[in-house]
Amino acid sequence: MTDHKKNPKVESLPVPEAGRRVLIKGQQTKTVIIDAALGLASQIGLEGLSIGAVAEVTGMSKSGVFAHFGSREELQISVIREYHDRFEAEVFYAAMQKPRGVARLQAMFDNWMVQTSAEIDSGCIYISGAVEFDDRTGPVRDALASSVTTWQTALRRAVELAQAEGQLSLESDAHQIAFEIHGLILALHYEARFLRNPAATDRARRGFSHILARYATEPTPAPVKTPDGAAPSAQWASLAKTQRKNSDH
């Protein structure tokens, strides 16, 4: 009779279904931690974020939070990535439903305005993070700068598409237009959050309209006919010619 010995290694392997449940639970826990950390960072900034602070907010142990991220720096980077993903979904991808051109650019700005207005009482990770890390180096600053640059590139691309559609002047600098639009959001955040100016939102909207009007493609006006059938330019040329003749006599 053959003696079938049990392989201890096989017995130690987790049941696949149980392993999936553990993995899903781990992902759910990490999502809860990131969500809490993002809310905390919006209030106190990325610099104030710590393993201990997040553990206190979530009711977890420090070791439990640490097990998911490994360091405060990785926690900060995870928050930046989560903020970028949400910003991208709510501001950029939502605007992609609009046709390319000014309509899409308008939708991007409108969505951005909604996002900024919602963050007046909490704070914008992009703006507060720039203040905290503008004079620093390292992975956290790099992750933040990369997210902001990605958004600026998308905004400039939307401007370029509006130019390609003939709705904004091709002679205009797309970088400059995107720069001015970004400036409106920064001014809005400063005026509304710091100065508590209730008119800030309306001013930002008017500012955007002025930008579109200033850089809009100017159609060539059709010559206006005068009663005698001559265009004004021809009439002025005829008058100038008559005056020169009179001055010669």
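The structure is a predicted model, where local features need pLDDT of at least 70, side-chain atom pairs count only at pLDDT 80 or more, and totals for chains, interfaces and linings use all residues. Residues are numbered from 1 along each chain as its sequence is written, and side-chain values use heavy atoms, with hydrogens and water left out. The protein chain has eleven helices and zero strands. Helices (H or I, at least four residues) and strands (E, at least two) are DSSP runs, numbered from the N terminus.

**The whole chain**

- The chain has 249 residues, and 34% of them are buried. Buried means under 20% relative accessible area, exposed means over 50%, and partly exposed lies in between (1.4 Å probe, protein chains only).
- The accessible surface is about 15700 Å². Carbon and sulfur atoms account for 56% of that surface. Accessible areas come from the Shrake-Rupley method with a 1.4 Å probe; for residues, only the protein chains shown count as cover.
- Take the contacts (heavy atoms within 4.5 Å) between residues at least 6 apart in sequence: 66% of them join residues at least 24 apart.

**Helix 9**

- Helix 9 has 21 residues and covers residues 174–194.
- From first C-alpha to last, helix 9 reaches 30 Å, close to the 30 Å expected at 1.5 Å a residue. The expected span is 1.5 Å times one less than the number of residues.
- At the start of helix 9, a side-chain oxygen of Asp 173 comes within 3.0 Å of the backbone nitrogen of His 175.
- The buried residues of helix 9 include Ile 177, Ile 181, Leu 184 and Leu 188. Glu 180, His 182 and His 189 are also among them.
- The cover over these buried residues includes helix 6 (102–118), helix 7 (125–133), helix 8 (139–164) and helix 10 (200–215).
- Just after helix 9, Arg 196 takes a positive phi of about 55 degrees.

**Phe 194**

- Phe 194 lies in helix 9. Its relative accessible area is 58%, so Phe 194 counts as exposed.
- Tyr 190, Phe 194 and Leu 195 make a nonpolar surface patch of about 350 Å².

**Phe 66**

- Phe 66 belongs to helix 4 (residues 62–69). Its relative accessible area is 44%, so Phe 66 is partly exposed.
- Beyond its neighbours within four places in sequence, Phe 66 is in contact with Ile 51 and Ser 71.
- Gly 52 is 14 residues away from Phe 66 along the chain, and their C-alpha atoms are 9.1 Å apart.

Technical notes:
Patches are made of residues with over 30% relative accessible area and no salt bridge: like charges are joined within 9 Å, nonpolar side chains (Val, Leu, Ile, Met, Phe, Trp, Tyr) within 5 Å. A salt bridge is a side-chain nitrogen of Lys or Arg within 4 Å of a carboxyl oxygen of Asp or Glu. A polar contact is a pair of N or O atoms within 3.5 Å; within protein, one must be able to donate a hydrogen and the other to accept it, and residues adjacent in sequence count only if both atoms are side-chain atoms.
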